[in-house]
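Q: Can you walk me through this one? I'd like to start with how its parts meet.

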Amino acid sequence: MSFLAPFSLCTIMEPVLPKRIFKWTGTCIRVSNMADELLWLVQRLFFLNGDQDLSSFLLVDLGLVKFPDYTCSVVHRIFQERNDLLQYEEAIRVAQFMDESLDNDNMELVSRCTDLSENRLCTSLKEEDSSLADSPPSFYSCFSSTWIYSKILTLGVSVYERERRYADAIRTLKILLSKVASGRRRGYWTLRLSIDLEHMGRPNESLSIAEGGVTDPWIRAGSKIALQKRALRLGKPPRRWKVPSYADSLKRNIKEVNIEGRPLNCEIGAKNVFYGYDGDRCGVEQLALQYYADEGGGWQGTHSEGGIWMTIFGLLMWDVIFSEVCDVFHSKFQTAPLDFETDDFYKSRKDLIEAQLKRIQDGMAEEMLISSWELHQGTSCKGVNWDRHPMADVRAVVAGVGGHRLALLLRHLALDYRSWSSGMPDLLLWHFLDERGGAEAKLVEVKGPKDQLSEQQRAWIFVLMDFGFDVEVCKVSLVSKRR
């Protein structure tokens with residue numbers, strides 16, 4: 001009887017309950033799926049990414065976010081036809097489905113997404129080749145279905161390799177390299193193809209792929225060094241008798257400093273934690289900062305991992321980044337031009353960039369930095385972190401590096417921001433030499449016990465050495481048992 005009473009009460013109140021709910025809530029409107037999809041398409045067309053939505057207008061009106069001032073000059077449409085946008089949206093849905101399948105460890109659906117992407121990639125490229133329409137700028141390629149499907153296939157390759165399905169990985173990588181002639185991931189694809197061929201017992205073909213990758217103009221930075229090292233290892237006599245010209249460059253000595261740290265934990269795979277010089281717990285980077293501040297030479301510094309360099313680049317190149325160039329700005333809600341991480345960035349602004357670098361080389365960097373900071377502080381710009389890097393630190397770095405080396409570094413970033421925006425040394429140190437303002441700077445990559453330099457980090461160290469920077473590796477080892 002006690003179980004039936006609540007049921008009877010609900011049955012009696014059933015006609016009354018909806019009336020009370022409507023009275024409390026008022027009129028409710030449900031947006032149809034078609035309208036929701038249309039709104040999503042409009043937002044993507046306007047903002048050109050999936051991270052921004054209509055709340056951006058509100059944030060600007062409230063003064064919480066400020067975007068730079070620039071001129072929108074659009075000549076070419078990103079999507080030539082309605083069908084191009086629909087294909088792009090379909091590719092994004094497949095990518096989202098791929099991510100969900102990976103999260104749920106549903107390998108059957110992952111395989112279906114990979115197969116579909118492979119078919120779509122080949123089909124879309126054939127359609128593009130037969131098109132006679134005016135070609136849009138090359139940096140628009142990231143808004144194509146081809147771009148999205150290539151990212152899905154890259155994920156598929158990693159799944160194949162994890163399951164030791166090297167034949168499938170090799171087939172997919174060859175499709176990617178043959179169908180996508182220029183792209184940011186060619187270095188990764190070429191390296192994985194060479195490695196997988198070696199797994200399959202095909203060292204000669206693996207060597208040929210590595211040697212071809214070394215000369216590929218789209219393969220740069222760490223990927224190029226990784227392929228050079230593979231070519232040297234696989235190309236020993238009798239396969240190859242001639243030593244490549246880059247062999248000596250890879251053998252250059254990198255300055256090392258060794259310090260000891262008293263570990264707090266010794267768990268395998270866990271992040272290293274040490275007792276610092278002050279007795280508090282810290283990571284390897286903080287331990288190294290304390291060493292350099294004390295017996296390492298009285299250096300001031302920051303653990304930036306390149307962040308402070310990106311801030312300096314944005315501040316000193318602000319007028320260049322937001323100069324008027326066709327097709328790079330489509331709305332007033334961008335923090336960088338669309339070609340910012342492509343080769344087109346330097347090509348379209350070469351004269352402006354070189355003029356700015358000339359001023360920096362002539363010793364005007366600090367004055368330019370102060371002016372840019374005062375004019376734009378708080379404005380959103382890709383790479384610029386107003387909160388993490390105070391003005392005093394940024395000025396000290398600019399003064400310590402000097403105009404000549406700073407100009408070389410900034411030109412390097414302007415030529416290929418994407419390839420070189422990661423992998424910079426962990427620590428940026430500086431100290432002042434005298435009361436008149438003389439300063440010097442040092443860059444340090446910190447490695448804990450059993451850690452090794454990545455190829456990207458090695459590439460950056462070599463570049464910095466070529467530019468005349470004081471750069472070294474600080475290796476932290478465990479305190480000896482005797483001590």
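**Where the domains meet**

A: Four salt bridges cross the interface of domain 1 and domain 2. A salt bridge is a side-chain nitrogen of Lys or Arg within 4 Å of a carboxyl oxygen of Asp or Glu. This is a predicted model: local features need pLDDT of at least 70, side-chain atom pairs count only at pLDDT 80 or more, and totals for chains, interfaces and linings use all residues. Residues are numbered from 1 along each chain as its sequence is written, and side-chain values use heavy atoms, leaving out hydrogens and water.

Q: Which side chain does Arg220 meet in a salt bridge?
A: That of Asp343, at 2.7 Å, N to O.

Q: Where are the two domains?
A: Domain 1 is 82–125 + 135–235, and domain 2 is 256–478. These bounds come from an automatic or database domain assignment.

Q: How much area do domain 1 and domain 2 bury between them?
A: About 1,300 Å², with 57% of it on carbon and sulfur atoms. Buried area is the accessible area (1.4 Å probe) that two parts lose on being put together, summed over both.

Q: Which three residues supply 43% of the area that domain 1 buries against domain 2?
A: Phe139, Arg184 and Arg220, more than any other three residues.

Q: How many residues are in contact?
A: 13 of domain 1 with 19 of domain 2. Contact means heavy atoms within 4.5 Å.

Q: New topic. What does Leu289 touch?
A: Gly301, Thr302, His303, Leu427 and Leu429, not counting residues up to four places away in sequence.

Q: And how far is Leu289 from Gly276?
A: They are 13 residues apart in sequence and 9.7 Å apart in space, C-alpha to C-alpha.
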